[in-house]
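Hi,

Here is the structure I said I would pass on. Have a look at it first, and my notes on the charged side chains follow below.

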Amino acid sequence: MMPEPLVLFARIAPKPEHFVAARRAVSEILAATRSEPGCRSFVLHEDEGGGCLYLYEIWDNEAALAAHHAQPYTQAVFEQYRAWLSEPVEITRLRAIGEAGACSS
């Protein structure tokens, strides 16, 4: 039996004057992050009001997530967050309930 993946939902709240720069910084690391070993999904969203960014992430395990956080490009974004964010990143760990499945259209 394969271990359950690590599923995260991160809420990122930039100060209004840094929203565009924060969105650009995260957008610029999407492709590199998605090519990392252990990354199953890394999707950036923004709310309709344009005030917060949200990352939906799926990793094979804690080691893959730790390796992502150690990447120079991830560290560079984290460093920029120090000036850009209005509050710390809120990370929610998710656990699936029941069987996973695709929706029909």
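**Salt bridges**

Arginine 11 is partly exposed, because its relative accessibility is 23%, which falls between the cut-offs of 20% for buried and 50% for exposed. Bear in mind that this is a predicted model.

I went through the charged pairs, and the count comes to five salt bridges. Three of them are written up here.

Arginine 11 pairs with glutamate 87, with 2.5 Å between the closest N and O atoms. This pair ties together distant parts of the chain, 76 residues apart: arginine 11 sits in strand 1 (residues 6-12), while glutamate 87 is in the loop between helix 3 (72-84) and strand 4 (90-94). Glutamate 87 is partly exposed as well, at 34% relative accessibility.

Then there is glutamate 62 with arginine 93, where the closest N and O atoms are also 2.5 Å apart.

What about arginine 82 and glutamate 79, and how far apart are they in helix 3? They are three residues apart, about one turn of the helix. Their side chains meet in a salt bridge at 3.7 Å, N to O. Arginine 82 counts as exposed because its relative accessibility is 67%, over the 50% cut-off. Glutamate 79, at 47%, is partly exposed.

Cheers

Methods:
Residues numbered from 1 in each chain as written. Predicted model: local features only at pLDDT ≥ 70, side-chain atom pairs only at ≥ 80, totals over all residues. Heavy atoms only, no water. Salt bridge = Lys/Arg side-chain N within 4 Å of Asp/Glu carboxyl O. Helix = DSSP H or I, 4+ residues; strand = E, 2+ residues; numbered from the N terminus. Buried < 20%, exposed > 50% of the residue type's maximum accessible area, 1.4 Å probe, protein only.
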